[in-house]
Amino acid sequence: MKNKIYPKVFLWLFVGLLITFVTGIYTKTNQSALEFIFVDSGYIILIILELACAIFLSARIHKMNPITAKTCYLIYSFLSGLSFSAVFIIYKLESILLVFLVASVLFLIFALIGYFTKLDLTKIGTYLLMMLLGVVICSFINIFLHNETFDIIVSCISILVFLGYIAYDIQVIRRLEGEIQEENLAIYGAFQLYLDFINIIYDLLRLFGQNDD
């Protein structure tokens, strides 16, 4: 069974990303949905639902029925797609596609590093978490500062953190084989890698994305 989990993980990762992108593109063309999400109080509700779904999936994955785990993951991908629609509004499509390509190449490189390296990357999890908390705090502070240079620095650090998390999560998936039901582990791995990939896209767009006038 060793390492046979990865094809399932990447299949579910693809499904989640596809749902997110299709939902985002469709939502951009739906004026009523856009008004509810970004004009009314819908965005706050959406963020709360995303967080609740993410916390529930992460905390209960060990005990979940596989159908529940898959449903929760698909719901999260859909909710994420609703908020991701802002990307299609703000940035040019060709810019999004270019960033997606760059993010995919980076993802592949660091996934291969995590798979083939002999180093125990699971030991760096604490450091990655500390750096991620620092990024979150700095991003919150910059909401009030509006400092573009600071934002660039934070985005660069954030990319490094999530690239590290890709390699880290690849090894964690391998270590969890046999401890979690295979179908649930595939969903768990896909969900973690999904978060890494999406956040890298957001950071790359902040650095290199061309605004759609």
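Modeller: Before any pairs are named, a salt bridge is to be understood as a side-chain nitrogen of Lys or Arg within 4 Å of a carboxyl oxygen of Asp or Glu. This is a predicted model, in which local features need pLDDT of at least 70 and side-chain atom pairs count only at pLDDT 80 or more, while totals for chains, interfaces and linings use all residues. Residues are numbered from 1 along each chain as its sequence is written, and side-chain values use heavy atoms, with hydrogens and water left out.

Biologist: How many helices does the chain have?

Modeller: Helices here are DSSP runs of H or I with at least four residues, strands are runs of E with at least two, and the elements are numbered from the N terminus. Read from the N terminus on, the elements run α-α-α-α-α-α-α-α. The chain has 0 strands, and its helices number 8.

Biologist: What radius of gyration does the chain have?

Modeller: The C-alpha atoms fill a box of roughly 50 × 35 × 30 Å along the principal axes. The radius of gyration is taken over C-alpha atoms, and the globule rule is 2.2 Å times the number of residues to the power 0.38. For 213 residues a compact globule would come near 17 Å, and the chain agrees with this, because its own radius of gyration is 17 Å.

Biologist: Among contacts in the chain between residues at least 6 apart in sequence, what percentage join residues at least 24 apart?

Modeller: Contact means heavy atoms within 4.5 Å. Among the contacts between residues at least 6 apart in sequence, the share that joins residues at least 24 apart is 84%.

Biologist: Is S85 buried or exposed?

Modeller: S85 is found in helix α4, and, apart from residues up to four places away in sequence, S85 touches G24, T27, K28, L34 and F38. Its relative accessibility is 0%, and therefore S85 counts as buried.

Biologist: How far apart in space are V87 and N211, C-alpha to C-alpha?

Modeller: V87 is also placed in helix α4 and is buried, with a relative accessible area of 5%. Leaving aside neighbours within four places in sequence, V87 is in contact with I96, Y202 and L205. Although V87 and N211 are 124 residues apart in sequence, their C-alpha atoms are separated in space by 9.5 Å.

Biologist: Which residue meets K70 in a salt bridge?

Modeller: Side chains of opposite charge can pair when their charged atoms come close. The partner of K70 is E183, at 2.7 Å from N to O. K70 lies in helix α4 and its partner in helix α8, so the pair ties together parts that are 113 residues apart in sequence. K70 is partly exposed at 24%, and at 34% relative accessibility partly exposed also applies to E183.

Biologist: In which helix do D203 and R206 both lie?

Modeller: The side chains of D203 and R206 meet in a salt bridge of 2.3 Å, N to O. D203 is buried with a relative accessible area of 2%, whereas R206, at 43%, counts as partly exposed. The two residues are 3 apart, about one turn of the helix, and both lie in α8.

Methods: Buried means under 20% relative accessible area, exposed over 50%, partly exposed in between (1.4 Å probe, protein chains only).
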